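Colleague: I'd like to learn how to read the main features of this model. Could you walk me through them?

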Amino acid sequence: MSACRVLLVTKGLDIGGIERMVVDLAKGLAREGATVHVAVVNDGRDRLLGQLDQSVVTVHRLGGSDRIGWRAGWRLARLVRSSGFDVVHVHGPLPSIAARLVPGGRPVVTTSHTPLGALRRPTRLAWRLTARGDAATIAVSAAVAASMPARVSARTIVIPHGLDAEAIAAARRRVAERPHGDGEVLAVAVASHRDAKNYPNLLHAVRAARDRGAPLRLIAVGDGPDLERHQELARELGIGQAVVFHPPTVDVLEVIAGADVLVGASDYEGQPLVVMEALALGVPVVATAVGRVPELVNPSVGRVVPPGDPEALGTALAELAADPDLRASLAANARRRADAWTLHDVASAHLALYRRLAAGGVS
């Protein structure tokens, strides 16, 4: 098959790690010669829509919500059953469940971006019950694959996300100097304000690091339902002047490139894209040992600590904040890493899978 016709399905195109991966995949597949359509369930979440060249990638706005809704579900079913696609590739648990239930559709591929245990119980149960509907199941990391039921995990294909080398290089060029004063150490967190990202853990860690004398300032990039609660917690901890809350931005690479350290405090992750990007940008990482983080971060490029332990996280932040030579060494080691996938690698791996499916392979 010289060309492949693929429908990518995503809950939304907001500024988030999963959504950025979907956009990158769409662009990468199109560059490799595939015919790419993207179905957006909740088209009110569209801040990344401008990243797609809609003369090359066709976008279907389904008019639903995060819970899909009957109208968006009906439109999705029509697309899945369409003869215009060789493969339907779904990102996100609820859209995956919906696509699997469509009778007589194209082969369905689903990608899991987070450990199964991080899903709400009803969603997790529905996911398990419908998993046999996958023609192929992808996980973004070995940790995510291991979280699945044994019968699914055994046949799951691990395809990590890749980096846009040109975007990384451009971000490094744009950041000519640190965006903070002399003597300050700038940490950046890029995470939505919801339970799994555990901002209380991060904020208590910043307090602990500053109590150790670390001249640490934090920029927290993200939005979400708990933003106001986390702003209030920062004030209660007495670090309101040391923590700046920024909304999500499409220029996140530039924000990371201007930092001294990237920090992550999550309880659950699959493959945190910003960790990969920080290392490629030469920014040391301090993060919790969740998902693919332990595969990406070793003592030569950063520090990994147990999740839910603000004292350990604060100690690691204080260590890096106190030692500019250590930060420089970690940064240099990070830049020398050569094990990251590129977007071309990712698109090629997906196309190979799609073609096997179209030829009747994989089960």
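Colleague: How close do the axes of α1 and α15 come, and at roughly what angle do they cross?

Modeller: Two packed helices are described by the angle between their axes and the distance between the axes. Here the axes of α1 and α15 come within 9 Å and cross at roughly 75°. That makes α1 roughly perpendicular to α15. Before we go on: this is a predicted model, where local features need pLDDT of at least 70 and side-chain atom pairs count only at pLDDT 80 or more, while totals for chains, interfaces and linings use all residues. Residues are numbered from 1 along each chain as its sequence is written, and side-chain values use heavy atoms, with hydrogens and water left out.

Colleague: What do the terms mean?

Modeller: Helices (H or I, at least four residues) and strands (E, at least two) are DSSP runs, numbered from the N terminus. Axes are lines fitted to C-alpha atoms, for helices over the stretch in contact, and angles run from 0 to 180 degrees between N-to-C directions. Angles under 35 degrees count as roughly parallel, over 145 as roughly antiparallel, 65 to 115 as roughly perpendicular and the rest as oblique.

Colleague: Which residues of α1 and α15 meet?

Modeller: From α1 come D24, L25, G28, L29 and R31, and they meet L343, V346, A347, H350, L351 and Y354 of α15; contact means heavy atoms within 4.5 Å. By class, this contact has 7 nonpolar, 2 polar and 2 charged residues (Ala, Val, Leu, Ile, Met, Phe, Trp, Tyr, Cys and Pro count as nonpolar, Asp, Glu, Lys and Arg as charged, and the others, Gly among them, as polar).

Colleague: Which elements give two or more residues to the lining of the largest cavity?

Modeller: Rolling a probe the size of a water molecule over the atoms shows where empty space is left. On a 1 Å grid over the protein atoms alone, a cavity is a set of points where a 1.4 Å probe fits but cannot get out, and lining residues have an atom within 4 Å of a point. Grid points are joined across faces, edges and corners, and a volume is the space filled by probe spheres set on the points. The largest cavity has a volume of about 90 Å³. Of its 13 lining residues, H91, V140, I159, H161 and H350 are the closest to its centre. The elements you asked about are α1 and α15. The lining holds 7 nonpolar, 6 polar and no charged residues.

Colleague: In what order do the 7 strands of the open sheet run?

Modeller: Strands of a sheet pair through backbone hydrogen bonds, either parallel or antiparallel. This sheet has the order β3-β2-β1-β4-β5-β6-β7, with parallel pairing (two strands pair if DSSP finds at least two bridges between them). Its edge strands are β3 (57–61) and β7 (157–158), each pairing on one side only. Inside that order, β5 (residues 108–112) and β6 (residues 136–139) pair over 4 bridges, and S112 stands opposite A139 in β6.

Colleague: Which strands stand at the edges of the sheet of 6 strands?

Modeller: That open sheet is parallel too, in the order β10-β9-β8-β11-β12-β13. β10 (243–246) and β13 (302–305) each have a single partner strand, so one side of each is left without a neighbour in the sheet. Neighbouring strands are turned by 20° against each other on average, direction ignored. Strands β11 (residues 261–264) and β12 (residues 285–288) are joined by 3 bridges, and L262 stands opposite V285 in β12.

Key. 1 Å grid on protein atoms, 1.4 Å probe; cavity = no way out; pocket = protein on both sides within 12 Å on 5 of 7 lines; lining within 4 Å.
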